[in-house]
Each structure stands twice: as structure tokens, then as C-alpha cells.
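Trainee: Could you help me learn to read a protein structure, one feature at a time?
Mentor: Gladly, let us look at one together.

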Amino acid sequence: MWSDLSGTARDVVQAGQVIGGVHFHGPAPVSVEAPVPRQLPGDSVGFVGRAEELAQLDALHASDGPDGVVPVVVIAGTAGVGKTSLAVRLAHRISGRFPDGQLFVNLRGYDTGPPLAPAAALERFLRALGVPVPAIPVGLEERAELYRSLLAGKQILVVLDNAATVGQVRPLLPGTAGCLTVVTSRHRLSGLAVRDGARRITLDVLTEEESADLITAATRGYRIGDDPSQIAELARLCARLPLALRIAAERAATHPLLTLPELAAQLRDESTLWEALSSPEEEEADAVRTVFAWSYRTLPPPAARLFRLLGLHPGPDVSVHAAAALTEQEPRQAHSLLDLLAGAHLIESIGADRYQFHDLLRAYATDQAHQEESLGDQHAAFHRLARWYLHTADAACTVAQTFDPSVLPPDQAGPAPVVSFDGQQEAFTWHQSEQASLLAVARTAAQAGLEEIAWQLPATLHGIHMARGVFDDWKAMAGIGLEAARRLGDQRAQALMHNTLGIANKDSAQLVQAIEHHQAALELHTHIDDYAGMALSANGLALAHRGRRELAASRARLEQALALYQQYGPHHRTGVVLCNLGATAADLGELHQAVHFTRQALAVYQETGADPSLRIDALGLLARLARETGQYTQAEEYLADAFSLQEYASFVGIDAALHLEQGALLHAQNRHEQAVEAYWMCERLQRSIGNRLGQARAYNGIGQTMLALERLAETIDFHTTAARILRDQPQPQPWDLAQTLAHLADAHADNDQPEYARQHRTEALTLLDGFTDPPAAALRQRLHELTTG
């Protein structure tokens with residue numbers, strides 16, 4: 001799998017991704033390449049009334065609080081009263097006041113599943129604002145700080161829908177008075193008023209006139225001659241709640257031959273009330289229960305079954321194909337039934353072939369499934385759904401990467417129909433749209449005793465998780481899989497989960513945790529005599545050690561992995577280890593040995609028809625080695641071959657690494673202007689995938705080139721920027737920082753600033769403590785001589 005291979009082959013996050021679960025409307029207020037946004041939810045069709053509330057909201061926004069206080073408005077009210085519709089109407093109404101865009105997220109505070117955590121909401125906001133996934137910090141506080149820094153000085157409207165607690169909301173407040181935050185909640189969220197200066201508007205049910213207007217608007221063109229008093233009676237039976245009114249109005253529109261008194265009588269006669277629904281006002285709760293049951297019981301049996309089985313889907317929304325899997329139907333039939341349910345306002349269409357519930361209706365559907373489906377049938381339906389996600393994920397990962405085989409047994413038949421994918425980007429797009437549901441399915445599978453699916457799903461998704469760098473979901477799902485594998489007592493599955501957690505932590509710069517997981521995987525593989533697994537874990541440990549510049553430990557693990565692969569196979573993996581041995585030898589300054597290993601790796605890749613990304617890695621390393629031994633023409637040839645293969649790989653991280661090496665070669669050839677261009681291309685590519693360490697290395701390259709051009713002020717600026725980036729890394733980068741400070745010190749010395757030079761060299765010497773490899777020793781010696789001379 002890509003990131004258990006080498007340092008550059010993992011960065012395949014592509015620009016132009018659609019953000020799942022968060023809507024961003026308007027220009028991205030940051031300078032990085034922003035994903036294609038989904039629009040703010042459309043203005044509510046048939047929205048009526050609320051003129052007084054909209055006037056109040058306009059007045060609140062027009063009278064911003066004291067300087068420095070973030071404007072926050074809370075729209076509170078009972079379930080189904082129309083809080084979201086009002087917030088969306090307000091957002092569209094005042095969008096012109098926020099030229100930098102609008103953000104919208106459903107916090108799912110009252111859903112049947114877990115609410116959306118603030119850290120997860122911030123991840124989605126940062127992605128919508130254009131931050132590459134690998135650049136998103138791990139911690140909640142760090143994400144909130146980055147979010148607020150991006151919004152500083154901007155004018156953005158933030159809508160936080162369905163918040164259950166103040167704790168869900170507070171980390172998502174922008175922190176700048178130029179933004180407005182609108183929060184909807186069933187609770188008063190008084191803490192926001194006390195600490196955050198929030199103003200609250202409590203939404204009541206519609207007035208009699210507004211309720212009648214809603215029914216009239218929804219039935220216009222379908223019914224004629226309805227008596228206003230009868231419309232008012234129907235509205236009263238719906239407790240004047242917009243959610244209930246829309247369902248009742250749709251029923252009236254689709255049954256034009258039934259008089260309103262007949263419809264009202266049916267409502268009164270509806271005796272099946274749903275006890276699971278609660279509301280502060282019992283009259284309103286009864287009305288909603290009655291309207292739901294009344295509408296549900298008139299559905300054709302296939303639609304009613306689909307409705308209640310949808311209540312067993314644990315994700316925030318559902319695709320046509322997932323719904324078909326739940327009910328064992330053809331997608332075309334499921335699509336027709338979903339459209340029927342949407343037409344009855346029992347679900348909502350939110351995009352191409354995707355639907356979602358209002359949280360009350362989701363809970364009602366779940367309750368109906370519990371009442372009308374046996375436990376066995378419920379379990380079978382969810383099992384079908386989970387298997388569909390598992391096998392579709394397997395199909396997506398097979399398209400997205402070619403190095404690793406499927407973890408599913410060959411005889412494990414998949415459900416029909418599984419989605420097929422034409423290419424890598426299509427697979428990534430599917431994963432992004434289903435990302436929240438995949439995590440929810442894994443969690444629910446573990447709770448339902450489907451332990452095998454609970455670990456197979458994260459194992460299957462490993463390649464896509466790695467490619468897209470979605471670290472939160474990657475680690476959470478692998479953690480679920482690890483616990484499931486432990487409950488099964490399946491040591492092989494446990495080792496796979498430790499392996500994927502090791503790579504997730506390495507790729508997110510959590511190297512200590514990466515070593516712990518790879519060590520645990522190695523011990524498990526050893527216990528069950530899984531030699532290929534032992535080699536895989538040893539290679540993973542080697543990469544984590546190399547990331548910490550523990551080069552002797554890295555080499556020892558690589559030699560272990562190579563011996564295992566050479567004896568037990570698979571043969572194609574020896575190329576990966578040989579290339580990593582070459583890179584480690586290069587780091588140790590053993591250039592001829594490095595060339596030997598890397599050429600061996602390239603021979604294996606060519607013999608086995610390896611993925612182009614692996615061959616590019618080897619060619620890039622050979623170019624570096626040729627440059628460092630003064631063979632510039634040979635280095636150019638290696639780079640040319642690598643760039644030609646890049647046309648077939650299209651991996652951003654590899655492209656960035658090639659441009660970094662190209663810049664170094666051009667600098668060595670005294671072609672300084674061209675070198676700067678190559679370094680800037682590297683910086684831009686690294687920025688696009690959030691690789692801050694890669695950006696720092698590009699800035700260092702530019703700084704060294706500026707020094708050769710005797711542009712000392714610019715040299716100092718670039719090396720200072722690189723040092724700042726390295727200091728901000730999640731875990732220390734002492735070797736890179738020591739090199740950067742050495743370059744910075746040289747620039748200060750040439751600029752007649754000996755005290756600055758001494759300070760930087762002294763710090764670099766401290767950073768080099770503990771490094772025993774020859775290049776580190778040589779740098780230490782040089783710095784010591786310059787400091788004491």
C-alpha cells in the first residue's frame with residue numbers, strides 16, 4: 001500500500017474535490033487551491049410567513065454588538081417548527097452582505113446516531129475553505145485556531161444547523177466581527193448568550209393565517225374550492241407545525257377527490273401514535289405523531305418498507321444504490337420509491353441520487369422498523385447494507401491502487417448491484433460522498449456483532465484513506481476494526497489494523513505512535529508465522545525510524561524485511577524495500593551503496609510491471625545520487641525518464657519531489673534562475689496537498705539559490721520562513737531544522753551579522769545531539785568549528 005512504500009508515493013490528494021457534509025457558497029477566502037464547493041441548501045420551496053421573525057433577524061444583524069463581539073444569532077424552537085427553513089431563507093436573503101461566502105453544516109444534534117463532533121465539523125469547514133486534507137491539524141484547538149485565522153478579516157455567514165449543546169457550537173464560532181453565525185437548536189443554548197454575546201429568537205408555530213397560506217400554496221393547482229375554515233381545521237390538527245403541515249398538504253394535493261373534512265376525519269381517527277417522539281408540548285407531539293402515521297400508512301407496501309428500512313441506515317444520508325441494497329431491489333425501482341417518499345415530504349432529495357431524513361422522520365422510520373420488522377429481518381437488512389458498502393469499497397480501492405490485493409477472500413461473494421468505477425478520481429468521489437456513512441456503518445457493524453465486516457471495511461479502505469489523507473476517519477475506523485478483530489481473536493486481522501494505524505500515524509507525522517502500532521503488528525505476524533506480514537511491518541517500522549532519522553534502526557528493519565521477502569515472497573515487494581534501503585544509504589552518505597540498491601529496485605519494478613509511481617521514486621532517487629556524485633548529465637536523464645512516467649501516475653506528491661530534485665540539480669549546475677522556477681513549482685505543489693515539510697524544503701532550496709546569487713536579504717527571508725514552518729510541525733523535525741539553521745547562519749555571516757549566525761549555529765548544534773550518522777557528524781563538526789573559531 002502506497003505509504004508503506006516510500007515517502008513520496010502517498011500524496012495523491014487531488015484538487016477539485018466536492019465537500020461532503022458541508023456546504024460552502026461563495027469565493028474561497030484563502031489563497032490555496034480550493035475544492036469545488038457544494039452550494040448552500042436551496043431556499044425553501046413554498047416558504048411562507050415568518051415576516052416578523054425575519055424582520056427581527058434583520059434588526060439583530062443590523063445592530064452588531066460591541067466591537068470585538070462575534071455576532072451570533074440562535075434560532076430556537078420545538079422540533080419541526082421550521083428552524084432550518086428560516087435559517088436558510090435568512091442566509092439567502094442576506095447573502096449579499098457576506099461577499100466572502102457562506103458555510104453551512106448540519107451538526108445532527110438530534111439524530112438517532114451520534115452528533116457531529118466539533119473537530120469533525122471543523123475538518124469539513126477547513127476542507128471547504130480550501131485547506132488540503134493533510135494540512136488539517138489533528139487537535140480540536142489547533143483546528144479552531146486555523147479556522148479562525150482563515151476567517152480573520154473576512155465577511156462570511158456561518159450556519160450551524162441542529163446544534164444540541166453549546167459545546168458543539170463554540171469551537172465553530174469564527175472569532176471575527178465581520179462574520180455572522182446563525183445557530184438552530186431545540187434548546188435555548190443560554191451559554192452562548194452569556195459568553196459569546198449571542199442573541200436568541202424563539203420560533204413559535206405558524207400563525208393560523210400562515211398555516212393556511214402554506215397549505216394553500218402547496219395544494220395550488222391540485223385542488224379547488226376548499227373552504228378556508230376547513231383549511232384552518234386541517235392546520236389545527238397539524239398543530240401549525242411546518243413539517244406536519246407540508247406532509248398533510250402533500251396528502252391533500254395527491255388526493256384531490258377527498259374533501260378536507262374527510263382528510264381531517266382520517267387524521268382524527270389515526271390511533272397509532274408514536275411513543276418514541278417527544279416534544280415540550282404534548283399537543284404538538286401528538287399532532288406530529290398522527291401526521292407521520294397517517295401519511296406512512298397510505299404508502300404502497302414497497303414504499304412503506306423502504307421508508308422504515310431507511311431508518312436502519314446509520315449514515316446522515318443515503319444513495320439510491322445503498323437503498324437498493326437495504327431492500328434487495330434494483331436501483332431503478334429503489335429510485336422510484338425514493339422519489340415517491342420525497343414527494344410525500346417523508347424524505348428530502350439533497351442532490352443527484354442522494355436523500356436524507358428530517359431527524360424526527362428518521363426516528364419515526366427507525367421506530368416503525370423496530371415495530372414491523374422482526375429482529376432477524378432488521379439484522380438481515382443491515383447486513384445487506386454493510387456487505388454492499390464493503391464490496392463497493394473493495395471495487396473503489398481496486399481502481400484507486402494496484403499494489404495491494406483485496407483483503408476479501410476470493411470466495412466471499414458480494415451483493416448485487418455493486419457500483420463500478422471508471423477511474424481513480426471516480427473512486428475518490430464516491431468515497432468522499434459516502435465517507436460519513438462508511439464510518440457509521442463500521443461502528444454499527446461492530447455494535448451489531450458483525451465483527452468480520454467491522455475490520456474488513458477499514459482494511460479494504462486503507463488505500464483510499466491513505467491516498468486522500470482523511471486521518472480522522474482513517475484512525476477512527478481502524479480503531480473500530482482493531483477492537484472487532486480482538487473480539488474475534490483474529491490475530492491476522494489485528495495485525496492488519498495495527499499496520500493501517502501505523503501508516504496513518506506516520507503519514508500524519510505521529511511517528512512515536514506509528515512505531516508502537518508497527519511493532520504490535522510485527523509481534524502478531526511473528527506469532528502466527530506470517531512472513532510476508534512480518535516483512536510488511538518491518539518495512540513500516542523502517543520508514544517511521546527514518547522519519548525520526550534513526551537511520552541505523554531503519555536499515556536494520558529494512559534488511560529484516562528484505563530477507564523475509566526474498567525467502568518467502570511476494571517478489572514484487574522486494575523492490576520497495578530495496579528502494580528504501582537505497583534512500584537510507586543515501587541519507588547515511590553511502591552513495592555508491594545507495595546506487596546499487598536503487599538500481600536493483602528499478603530492475604524489480606521493470607520485471608514485475610510495478611505501478612509507475614514506484615518506478616518514479618527509484619528514478620528520482622537515482623537522479624539525486626547522480627547529482628551528488630557530480631554526474632549531472634546522468635541526473636538529467638533520470639529526471640527526464642521520471643517526468644515521462646509521471647504522465648501515467650499523476651501523483652502530486654511525487655511531482656513535487658521531482659521538482660525539488662530538479663531545482664537542486666539546476667542549482668548545482670549554476671542555472672540559478674531555472675532552479676528558482678523549479679523550487680517554486682515544488683512549493684506550489686506541496687502547498688496544494690498540505691505538505692508543510694515539503695514547503696520548508698522548497699523554501700530552503702530557494703534560499704540557497706538566492707545565496708548563490710548574492711541576494712542576502714532574500715536568502716535570510718526564505719530560510720527564516722522554512723525554520724518557522726519546521727518549528728510548527730506536530731512533532732519535532734530536528735534534522736531538517738538544524739540544516740535550515742545552518743543555512744540561515746551562513747547567510748547572516750555573509751551579511752555581517754555574526755551574532756545572529758552564532759545563535760543559529762548554537763541552536764543547530766543542540767538539535768544535532770543524538771544523531772550519530774556521518775552526515776550529521778560532519779555538519780556538527782563544521783558548525784562547531786565555525787562557532788568556536
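Mentor: We start with a term: a residue is buried when its relative accessible area is under 20%, exposed when over 50%, and partly exposed in between, using a 1.4 Å probe and protein chains only. Keep in mind that this is a predicted model, where local features need pLDDT of at least 70 and side-chain atom pairs count only at pLDDT 80 or more, while totals for chains, interfaces and linings use all residues. Residues are numbered from 1 along each chain as its sequence is written, and side-chain values use heavy atoms, leaving out hydrogens and water.

Trainee: Is leucine 189 buried or exposed?
Mentor: Leucine 189 has a relative accessible area of 8%, so it is buried. You will find leucine 189 in the loop between strand S5 (180-185) and helix H6 (190-196). Helices here are DSSP runs of H or I with at least four residues, strands are runs of E with at least two, and both are numbered from the N terminus.

Trainee: What is phi of leucine 189 near?
Mentor: First the general idea: most residues other than glycine have a negative phi, and most peptide bonds are trans. Phi of leucine 189 is positive, near 50 degrees. Aspartate 752, also not a glycine, has a positive phi of about 60 degrees. Aspartate 752 sits in the loop between helix H33 (734-750) and helix H34 (754-767), and it counts as exposed because its relative accessibility is 68%.

Trainee: Which peptide bond is cis?
Mentor: The one from glycine 569 to proline 570 is cis, with omega near 0 degrees. Proline 570 belongs to the loop between helix H24 (551-568) and helix H25 (572-587).

Trainee: What does histidine 431 touch?
Mentor: Contact means heavy atoms within 4.5 Å. Not counting residues up to four places away in sequence, histidine 431 touches Leu438, Leu461, Ile464, His465, Arg468 and Val470. Histidine 431 is part of helix H17 (residues 424-447), and with a relative accessible area of 1% it is buried.

Trainee: Where is asparagine 505?
Mentor: Asparagine 505 is in helix H21 (residues 491-507). It counts as buried because its relative accessibility is 7%. Leaving aside neighbours within four places in sequence, its contacts include Lys475, Gln510 and His517.

Trainee: How many helices and strands are there in the protein?
Mentor: The protein has 35 helices and nine strands, and 58% of its 789 residues count as buried. For the overall form, we take the radius of gyration over C-alpha atoms and compare it with a globule rule of 2.2 Å times the number of residues to the power 0.38. A compact globule of 789 residues would have a radius of gyration near 28 Å, and the protein has 30 Å, which agrees. Its C-alpha trace spans about 100 × 65 × 40 Å along the principal axes.
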